[in-house]
Amino acid sequence: MKFLTKTRRLNRSLGGDIFLFSILLIFGFFSAYPLIMTASNAFKPLDELFLFPPRLLPRNLTLENFRDLSELIGNSWVPFSRYFFNTILITSIGTIGHVIIASMAAFPLAKYKFPGRAIFFTLVVYSLMFAPQVTATPNYIIISGIGLIDTPSAIILPAIASSLGLYLMKQFMSQIPDELIESAKIDGASEYRIFFQIVMPLVKPAWLTLIILLFQRLWTTDGGNFIFSEELKPVSYALRQIAQGTIERAGTIAAVAFIMMIVPVTFFILSQSKVVETFSHSGMK
Amino acid sequence: MESNVNATPILSKKELLWKNIKKSKHYYVLMAPYAILFLTFTIVPVIMSLGISFSYFNLLEPPRFIGLDNYIKLFLEDDVFIIALRNTLILAVVTGPVSYLMAFVFAWLINELGPKLRSFLTLVFYAPSISGNAFLMWLLIFSGDVHGYANAFLIRYGFIDNPLQWLKDPDYMLLVIIIVQLWLSLGVSFLAFIAGLQSVDRTLYEAGAVDGIKNRWQELWFITLPSMKPQLMFGAVMQITTSLAIAAVSMQLVGFPSVQYAGHTIVTHLIDFGTVRYDLGYASAIATVLFLIMISTNLIVRQVLRKVGN
C-alpha cells in the first residue's frame, strides 16, 4: 500500500498540487452551490429567501414550504397519492424491464458470434450519436398507431429500449471470462440458465448503473405529449403545476426541487462505487 | 463439423448462413424483446422521419408528398430556423469541447485524491446532472430584479448600477444557457473518465518515470491519455450528442419562445413545429437535418480522436 502511494506521488510538485486543487475547490463550489441553495431554500422562511448575501444555511429552520406544498397538494383535484403511484409505476416497471430486457440482449452480443450481431451492435452505437428528440415526431405517430397514447406504456416501452443501457451492459459483460460460460455449457446448462444463473449475478454493478440512468429519466418524466388524463399524470407534472408561478412561490418551488433531487442523488450515493466500476468498461473503439 | 456423406461436401454460402442462424436461435430469442422495442422506437422512427420530411402531414389528413419543399422552406424562407441553427452551433461549439475538457480535467484531479475525498467530489460534480429540475435554482440566481443573486452580487460590488435582465435580454441569454448547461454537463462521460483513470495500469507510471518522464503533464500526455482512449471516445460521443440537443434548459430558463428567439435552438424549433403547430412534415425535416448534423459531427470527431496519439 505504502509503495503504491509513493509511486503515485511520483512526478508531483507542490506548486502544481496547490494550483490544481484550488481549481478543483473553486469549481466544486460552483457545482455544489445551486444544489446546496436548493436544499437550504427548501427549509427557509420566505423573508430569508431574498436576503443578500444569500445564506448557505437557513437561520430559522422551517418546514413552512413543505406545509404550503402539502396544502396545495390537498387542494388538487386528483388525490396526490395517485400522482405518486403513477410515477412509481412508470419508474419501477421501466427500470426493471430495462435491466432484464437490455441484459438479455447484451449477453449474446457480448459473448457469442452469430449472423447479424455486428450490424445490430453497430446500429446501437450509432443510436448513441443522436439525441432522442430526433425521433420524437415519428415516435408519437407510432405510439398513437399502436394505441398506447394516454397509457403508462407510452413512456415505459421507449425507455426500456434505451440504447445507452444496452451498450454499457454489453461492454460490462464482455469481461466475463469465456471459460466460466464454457464450463457451464459442458455441465449441460442451457443458454437461458447460463444467462439467468451465471451471467446476471456477475453483472450486478451494471444493473445499478442501468437503474440509475433510467431512474432519473423516468422519475422526472412529466408524461409529455403522451399522457393526457389527469389521473394518469406523473408526480413531476403535478409538482410543476404547483410550482408554476412567480417569485412568491420560490419557497414551494425549492421544496419541490428538493424532493425531486434527493431521491436520485441518494440512490447514487448508495451505489456510486458499483456505478463507477461499470463505466471502466464503457470504452469505445 | 458434421460429416454427412449424402450432403454436398461444401455448403453454399446461403446454406452456411442458414445453418448458422438456426444454431444461434437461442441468441435471437434472448435478443428479441429488446430488438423489437429498439427497432420500433429508434430505427423505424429515423427512417419514418426521413420519409415524412418530404410530405405535408398534420396527423388529421393523410400525408401529401411535396418533394423538397420542407427543406427549401427551412433553409431559404425560415429566418427563425437560421437563428436556431446559429444558436445551436454556438452552444455546441462552446459547451461541447468545454464540458468534455471539464469532465476530463476534474476526473483527472479527483483521481489524485484519497478514496473518501474522491467519492465525495465525484458526487459533487456528478449530482447536478441527476438532480431533476434543480437547475431551476438558476432562475433565482439569474432573476432579472435586484433580488436575483447574480444581480445583487454585481450591484453590491459596484460592477453594475441597474439589474441586468439575464433571462430576457438577448445579449445575455446564450451566456446564461451556456453556464447552466455546463453545470449540468458532467454526466456519464465524467463517470467514464473517473473509471478509466482508475483502471490505468499503475506499473506504466513507474516504467515511465524510469524512462525519463519528469512531471505530471508529461505523464498525462504520454501515459494516461493513450491508455484511456476507449473511454475518451465514449465520452466524446456523449458530450457531442448532448451539446447539440440543448433545449430543456433554454425553454425553462429563457422561455419558449424566447425574446427575439435569442435562446431558440434546433430542438426547440422542432418541438415548436412538432408538438405546438402539428406540422409534422416540417418538424421531420428539422429532425432529419439535426440527425445529419449529429451523426456527421460524431463521425468526424471520432476520426480525429482516433488519430491522436497514433
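**Exercise 1. Val259(B)**

Task: In this predicted model, is Val259(B) buried, exposed or partly exposed? Then find which residues Val259(B) touches beyond four places in sequence.

Solution. 
- Step 1. Count the neighbours. Val259(B) has 14 other C-beta atoms within 10 Å.
- Step 2. Apply the cut-offs. A residue is buried with 20 or more and exposed with 12 or fewer, and in between it is partly exposed. Val259(B) is therefore partly exposed.
- Step 3. Val259(B) sits in the loop between α13 and α14 of chain B.
- Step 4. Look for partners. Leaving out residues up to four places away in sequence, Val259(B) touches Lys168(B) and Pro170(B).
- Step 5. Check one pair. Val259(B) and Pro170(B) are 89 residues apart along the chain, yet 6.7 Å separates their C-alpha atoms.

**Exercise 2. Backbone features in loops**

Task: Where does Pro257(B) lie, and what kind of peptide bond joins Phe256(B) and Pro257(B)?

Solution. 
- Step 1. Start with Pro257(B). This residue belongs to the loop between α13 (248-253) and α14 (266-276) of chain B.
- Step 2. Read omega. The value is about -5 degrees for the bond between Phe256(B) and Pro257(B), and the bond is cis.
- Step 3. Move to Tyr261(B). The loop between α13 and α14 of chain B holds this residue.
- Step 4. Judge burial. Tyr261(B) has 20 C-beta neighbours inside 10 Å, so it counts as buried.
- Step 5. Turn to chain A. Asp150(A) has phi near 65 degrees, again positive in a residue other than glycine. Its place is the loop between α7 (136-146) and α8 (153-160) of chain A.
- Step 6. Asp150(A) has 15 C-beta neighbours inside 10 Å, so it counts as partly exposed.

**Exercise 3. Two helices in chain B**

Task: At what angle do the axes of α3 and α15 of chain B cross, and which residues meet there?

Solution. 
- Step 1. Know what to report. Packed helices are described by the angle and the distance between their axes.
- Step 2. Find the helices. In chain B, α3 covers residues 69-77 and α15 covers residues 280-307.
- Step 3. Read the geometry. The axes come within 9 Å and cross at roughly 70 degrees.
- Step 4. Classify. Angles from 65 to 115 degrees count as roughly perpendicular, so α3(B) and α15(B) are roughly perpendicular to each other. Their crossing is right-handed.
- Step 5. List the residues. From α3(B) come Asn70(B), Tyr71(B) and Leu74(B), and they meet Gly281(B), Tyr282(B), Ala285(B), Ile286(B) and Val289(B) of α15(B).
- Step 6. Sort by class. The contact has 6 nonpolar, 2 polar and no charged residues.

**Exercise 4. A helix pair across the chains**

Solution. 
- Step 1. Read the geometry. α2(A) and α5(B), residues 115-126, pack at about 50 degrees with axes 8 Å apart.
- Step 2. Classify. The two helices are therefore oblique to each other. The crossing of α2(A) and α5(B) is left-handed.
- Step 3. Sort by class. This contact has 5 nonpolar, 2 polar and no charged residues.

**Exercise 5. The whole interface**

Task: How many residues of chain B are in contact with chain A, and which helix of chain B gives the most?

Solution. 
- Step 1. Count both sides. 87 residues of chain B contact 75 residues of chain A.
- Step 2. Find the main contributor. Helix α2 (residues 25-52) of chain B gives the most to the side of chain B, with 19 residues.
- Step 3. Sort by class. The side of chain B that touches chain A has 59 nonpolar, 22 polar and 6 charged residues.

**Exercise 6. Domains of chain A**

Solution. 
- Step 1. Chain A has domain 1 (13-62) and domain 2 (76-279).
- Step 2. Read the distance. Their C-alpha centres lie 32 Å apart.
- Step 3. Count contacts. Domain 1 of chain A has 8 residues in contact with 7 of domain 2 of chain A.
- Step 4. Find the source. The largest share of the domain 1 side, 5 residues, comes from α2(A).

How values were computed. Residues numbered from 1 in each chain as written. Chains lettered and ligands numbered in written order. Predicted model: local features only at pLDDT ≥ 70, side-chain atom pairs only at ≥ 80, totals over all residues. Contact = placed C-beta atoms within 7 Å. Helix = DSSP H or I, 4+ residues; strand = E, 2+ residues; numbered from the N terminus. Nonpolar A, V, L, I, M, F, W, Y, C, P; charged D, E, K, R; others polar. Domains from an automatic or database assignment. Axes fitted to C-alpha atoms, helices over the stretch in contact; angles between N-to-C directions. Parallel < 35°, antiparallel > 145°, perpendicular 65-115°, else oblique. Left-handed = near helix turned anticlockwise from the far one by under 90°.
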